[in-house]
Amino acid sequence: MVALFDWNWFRRPLERYLIDRSNREVRIGHLDVDLGFSREPTVRLRELYVENAPWADKRPTITASEASVTFSLRSVWEGRPVISRMVLVDADVNMERQADGRRNWRLRNPEYLGPGRVKVLRLEPIRTRIRFVHRGIDLDVVAAASAAEDASHSMRIAFDGILDGVNFTGKVVTAGLLTFVDTQESFALRGHAAAGASRLDADGSIADLFSPSAIDAKVRLAGPSLSTLRPFFRPWLPATRPYAFASNLLLAKDVYSFTELRGKIGTSDLAGKFSVDRSEERLMLRAALRSDAAELSDFRPPAGAGREPGGTPGAPERLFSSLAINGERLNAFDAHVTLEARRLHAVDTPALDSLRVTANLENGVLSLKPFDIGLAGGHLAGLLTFDAQRKPPASHVKMDMREVRLEKLLEDLPKGAKSGGPIDGRFEMKGQGDSVASILASSSGHAQVGMQGGDISNLLDAKLALNGGKILRLMFTGDRAIGINSALLAFDFEKGLGKSTAIVLDTEQTHTEGAGTLDLRNETFDVLLTPHPKKPGIFPLGASIRAHGPLREPAFSLIAKEKGLASLPSP
């Protein structure tokens, strides 16, 4: 009876059942069931037609010369059917999902908005076109499968679509059988995808396309800016210069590993490895990266991007950025990253030499410990923490300056103002806020820099001493360097307002003392310098020098010595 049974006896009742439940036209030209000797029977439908939902595209949900499904009987009995294999021949499939959860492929219960109940593990499309629309993420993609001649890549798939307003297209050759989920069965894949000028090339294998369980491939990614990839990778990506990277990509046990990574962003080279671990509840990023030569501007937004709005025309540009640091991004994942830039260059900071940093991000707390910035032949080294869990975020920086050469730090000064020598210093500040400007405006702590030894232009020393006769003489006889015995600049800060604890410059010929205030809130300062020449001079002015105003555009004036420090405002 099994051998002679005609399953077409059930074809009409099945059509009527689906028509009644879905309120759509359903036609089945032929029905056959292969029970076999296993627990996974195969159902074959020929000349299949299913009308689309009234709210969806006018094209049918599916037309197919043949559609067959092999499924697990046990999974059907348990109420969550698993289709181990689906074959589509000469088919045109239009799948559409609305933002509210409605799906046009649900026939038995079309108003059900919950999660899917049927799982498809493998698909073999033969001369088949599939369109998938997801209104919730603004995705519309069409893929067409055709035969290819390569034995290991027997199928060619061309696709194009739009995601979140960005058009993309691509072509791949792959195995005839695709795995989607839960199989851990790899299939060969080679091809590319492009969105505008951004392009991804891949050659290797992948298991379970919709939820990858294994990947082993060589990949290459290039484009005009990382920000153009935001619709495809979803996490925040910054605007950058043009980039190109190549790497080996491995996926095992929910860990994506990029090894033998090499590439460039702008003119900066970058190499190393990194991994993304999705095995735990919080995503974990690990990276060990190095650069032989890096240009800092390659990692900043291009000119005009991210510029702070507002500002008064003609007003001096602010020194400290008020752009907000996104604390939500820091709470989205954990990370451990080491980065070494052996040569670091910045157009606006030519004294930069190098960078070494170890960054840890855990539960919204970012710590740079340690970091070492090569600067003007010396180093700035220390630690920095930024706690995005606190409201407002809290910051702490502790830094030592060692052997920084003054002549390299101030190499843009006019020739007559040249000075030189090693600078040492120490800084420790704590503040709150979500931008550099707000953090500094609330900071408390101390900062000091000093120098033992070195030299200063004799003409500059005479100008600081307000020694008119000496200035006039040096203009005729020529300038020379004289020694610096010591120099010290120290401030204590309370909620962004600093008061000097020491301002001293002692040279062979002049001893200068000072006092003043530094306002990090408004980026202004007011300092009074009083020189004491060690030898009597001709035409001494007998006054003090007041330097004050915005940090970017200071002003200078002379004040009689007898008025002294009383003329300075309190912090």
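**Notes on the predicted model**

1. Let me start with a pair of strands: strand 22 (residues 352-362) and strand 23 run antiparallel and are joined by 9 bridges. Helices (H or I, at least four residues) and strands (E, at least two) are DSSP runs, numbered from the N terminus, and two strands pair if DSSP finds at least two bridges between them. Within this pairing, Leu-352 has Leu-375 of strand 23 as its bridge partner. The two strands form a hairpin with 2 residues between them, and Asn-363 in that turn has a positive phi of about 50 degrees.

2. A word on the ground rules: this is a predicted model, in which local features need pLDDT of at least 70 and side-chain atom pairs count only at pLDDT 80 or more, while totals for chains, interfaces and linings use all residues. Residues are numbered from 1 along each chain as its sequence is written, and side-chain values use heavy atoms, with hydrogens and water left out.

3. Strand 23 also pairs with strand 24, in the antiparallel sense, over 9 bridges. Here the bridge partner of Val-365 is Asp-387 in strand 24. Strand 23 and strand 24 form a hairpin too, with 2 residues between them. Ala-376 lies in the loop between these strands and has a positive phi of about 50 degrees although it is not a glycine. Ala-376 counts as buried because its relative accessibility is 1%; buried means under 20% relative accessible area, exposed over 50%, and partly exposed in between (1.4 Å probe, protein chains only).

4. A cis peptide bond joins Lys-369 and Pro-370, with omega about -5 degrees, and Pro-370 is found in strand 23 (residues 365-375). Another cis peptide bond joins Lys-391 and Pro-392, again with omega about -5 degrees. Pro-392 lies in the loop between strand 24 (378-387) and strand 25 (394-405).

5. Ser-354 belongs to strand 22 and is buried, with a relative accessible area of 17%. Not counting residues up to four places away in sequence, Ser-354 touches Ala-341, Arg-342, Leu-344, Asp-372, Ile-373 and Gly-374, where contact means heavy atoms within 4.5 Å.

6. On to the packing. The largest nonpolar core has 42 residues, and those with the most contacts inside it are Leu-48, Ile-62, Leu-88, Phe-168, Ile-215 and Tyr-256. A second, separate core of 23 residues includes Ala-346, Ala-351, Leu-355 and Leu-375. A nonpolar core is a set of buried Ala, Val, Leu, Ile, Met, Phe, Trp, Tyr and Cys residues joined through side-chain atoms within 4.5 Å.

7. Thr-128 sits in strand 7 (residues 128-134) and counts as buried at 3% relative accessibility. A polar atom of the Thr-128 side chain lies 2.9 Å from the backbone oxygen of Ile-126. Leaving aside neighbours within four places in sequence, Thr-128 is in contact with several residues, among them Leu-88, Asp-90 and Ala-144.

8. Lys-218, in strand 14 (residues 214-223), is exposed, with a relative accessible area of 55%. The side chain of Lys-218 makes a polar contact with the side chain of Asn-248 (3.2 Å). A polar contact is a pair of N or O atoms within 3.5 Å; within protein, one must be able to donate a hydrogen and the other to accept it, and residues adjacent in sequence count only if both atoms are side-chain atoms. Lys-218 and Ala-202 are 16 residues apart in sequence and 5.7 Å apart in space, C-alpha to C-alpha.

9. The aromatic pairs come to 6. Rings of Phe, Tyr and Trp (its six-membered ring) pair if their centres lie within 6.5 Å; planes under 30 degrees apart count as stacked, over 60 as edge-to-face and the rest as tilted. Phe-180 and Phe-210 are stacked, at 4.3 Å centre to centre and 15 degrees between the planes. Phe-180 counts as buried at 10% relative accessibility, whereas Phe-210 is exposed, with a relative accessible area of 62%.

10. Finally, two arginines over rings. The charged end of Arg-102 sits over the ring of Trp-55, 4.9 Å from its centre, and Arg-117 lies over the face of Tyr-112, at 4.2 Å from the ring centre. A charge sits over a ring if NZ of Lys or CZ of Arg is within 6 Å of the ring centre and within 35 degrees of the ring normal.
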